Amino acid sequence: MSIKKVLIIGAGVSGLSTAIFLKKAGIKSEVFETFPYTRVEESSFRINKSGVNILNELGVLDKIKKNSHSADSLRLLTTNNNELAKFNLMQRSSAFSDRSIFMKRSDLIEILLDEAKQLGITINSHKKLIKLDQSENSVTAYFEDGSNAEGSIIVGADGLNSTVRKQIYSDSQVSYAKSWALYGVASLDDMKSEIATDLETGDEMIYVDQNFALFLAKSHPTSDLNLSWQVSSYNERKLPKQDHELKNEDIIKKDLITNFQITGPLKEIILKTKKIIPKQLHTVTNLPSFSKWRAVLIGDAAHGINPNTGYGSTIAMEDALYVAKMLKSYDFHDAFYFFEHDRKDRIQAIQQLVETFDLSKGFDLSGGFDIGLFSGSTFDQNYKLKWNDQE
Ligand SMILES: Cc1cc2nc3c(=O)[nH]c(=O)nc-3n(C[C@H](O)[C@H](O)[C@H](O)COP(=O)(O)OP(=O)(O)OC[C@H]3O[C@@H](n4cnc5c(N)ncnc54)[C@H](O)[C@@H]3O)c2cc1C
């Protein structure tokens with residue numbers, strides 16, 4: 001039952017990482033992606049320590065270092081610029097591979113694409129999966145352009161709206177996660193305030209209020225668009241698209257400032273922001289398993305981690321390493337079983353983080369600051385996966 005070829009659907013963080021790890025395992029794979037890669041200046045994401053460790057295992061850490069920012073402290077402020085607390089992120093004396101970082105998604109994708117190409121991995125674009133068939137010996141993927149591809153197994157790394165997931169579990173759903181978000185991109189050079197200097201030199205910041213949390217971080221050491229912010233706010237009922245996703249950017253800025261009474265340096269940052277991407281948050285529900293026969297789901301396709309956890313890309317890369325590692329040692333039935341068995345608790349604990357501590361609800365500071373706001377997390381913050389257990 002040896003694996004001749006793995007079909008990977010999606011050239012995002014999880015798909016590209018899986019292809020690179022499978023190459024390390026000596027397993028042939030081919031990646032199929034709907035869109036040809038074009039650089040988009042989007043917002044950025046946090047990659048936690050465990051994710052940075054995986055980037056080390058992928059062999060791309062030097063490039064990551066040149067394209068990311070790692071802060072030393074996190075400051076907690078009110079929307080009218082009163083500092084509530086400053087936390088040492090306990091990173092100062094650690095090696096880079098042990099730090100948490102912030103970087104642009106496009107930089108990460110470009111580094112992974114480059115690595116995959118150097119390893120001779122085939123990445124096909126304009127290949128939108130529309131259907132898959134599984135048989136006794138193989139799986140066939142059918143694409144929108146009329147072509148198809150055959151492999152031994154298929155990895156659904158095709159994100160939150162995964163077609164692989166819909167094909168194998170048609171009852172699974174993408175459910176509204178009760179908060180809206182805005183992702184902003186700006187340039188620190190445009191800002192005159194002191195907090196711009198603090199962001200430049202080593203602080204991350206969270207501005208909070210009731211039902212409001214706005215996170216700010218530098219995301220690149222040299223690029224012009226080096227400031228990234230994201231705000232999320234709890235909202236029981238989904239917003240109509242015209243009031244969020246389709247809203248004019250200037251009105252978004254004006255409403256944000258007015259509704260949350262934002263003043264001073266934060267107001268300057270919002271007004272000088274160059275691009276804002278509005279999203280409403282969603283997660284995957286009603287999924288009986290991460291796999292079915294010859295198909296396995298990883299990353300957002302499997303669990304759609306709430307971005308408010310700050311763990312989406314980290315978990316996607318952990319999934320990639322682990323599924324490839326299991327396929328290196330076991331037949332695919334066992335590999336998929338072990339993947340789900342060994343990863344599920346970790347994923348659930350991270351998902352539960354938003355149940356115990358949902359950043360989009362902000363902090364109700366009317367009764368004063370309480371350290372209990374930060375309690376309730378149950379996952380292991382020192383979780384570390386190794387590609388080679390002998391090392
Ligand atoms: C365009 C984009 C921008 C994002 N920006 C941010 C951000 O600014 N901040 C943040 O925190 N997170 C962002 N994310 C989400 C973040 O990348 C993911 O949460 C995380 O990295 C998990 O990655 P993933 O590889 O599982 O899924 P994704 O990153 O969603 O990648 C899935 C890939 O599969 C492809 N695909 C989907 N359907 C098909 C199909 N039928 N056939 C072939 N290919 C398909 C998609 O085009 C995409 O490239 C973004 C995701 C995308 C796709």
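These exercises work through helix packing, a hairpin and a sheet in a predicted model.

**Exercise 1.** Find how helices H1 and H2 are oriented to each other: roughly parallel, roughly perpendicular or oblique.

Solution. 
- Locate the helices. H1 covers residues 13-24 and H2 covers residues 49-58.
- Take the geometry. The angle is about 45°, and the axes lie 10 Å apart.
- Apply the cut-offs. Roughly parallel needs an angle under 35 degrees, and roughly perpendicular runs from 65 to 115. H1 and H2 are therefore oblique to each other.
- H1 and H2 cross in the left-handed sense.
- List the contacts. Ser17, Ile20, Phe21 and Lys24 of H1 meet Ile54, Glu57 and Leu58 of H2. Four of the contact residues are nonpolar, one is polar and two are charged.

**Exercise 2.** Describe the hairpin of S10 and S11.

Solution. 
- Start with the pairing. S10 (residues 139-143) and S11 are antiparallel, with four bridges.
- Pick one bridge. Tyr142 has Asn148 in S11 as its partner.
- Look between the strands. Four residues lie there, and Gly146 has a positive phi near 95°.
- Sort the faces of S11 (residues 148-151). Ala149 and Gly151 are on the covered face; Asn148 and Glu150 are on the uncovered one. Side chains in a regular strand alternate between the two sheet faces.

Notes: Residues are numbered from 1 along each chain as its sequence is written. This is a predicted model: local features need pLDDT of at least 70, side-chain atom pairs count only at pLDDT 80 or more; totals for chains, interfaces and linings use all residues. Side-chain values use heavy atoms; hydrogens and water are left out. Axes are lines fitted to C-alpha atoms, for helices over the stretch in contact, and angles run from 0 to 180 degrees between N-to-C directions. Helices (H or I, at least four residues) and strands (E, at least two) are DSSP runs, numbered from the N terminus. Angles under 35 degrees count as roughly parallel, over 145 as roughly antiparallel, 65 to 115 as roughly perpendicular and the rest as oblique. A crossing is left-handed if the near helix is turned anticlockwise from the far one by less than a right angle, and right-handed if clockwise. Contact means heavy atoms within 4.5 Å. Ala, Val, Leu, Ile, Met, Phe, Trp, Tyr, Cys and Pro count as nonpolar, Asp, Glu, Lys and Arg as charged, and the others, Gly among them, as polar. Buried means under 20% relative accessible area, exposed over 50%, partly exposed in between (1.4 Å probe, protein chains only). Two strands pair if DSSP finds at least two bridges between them.
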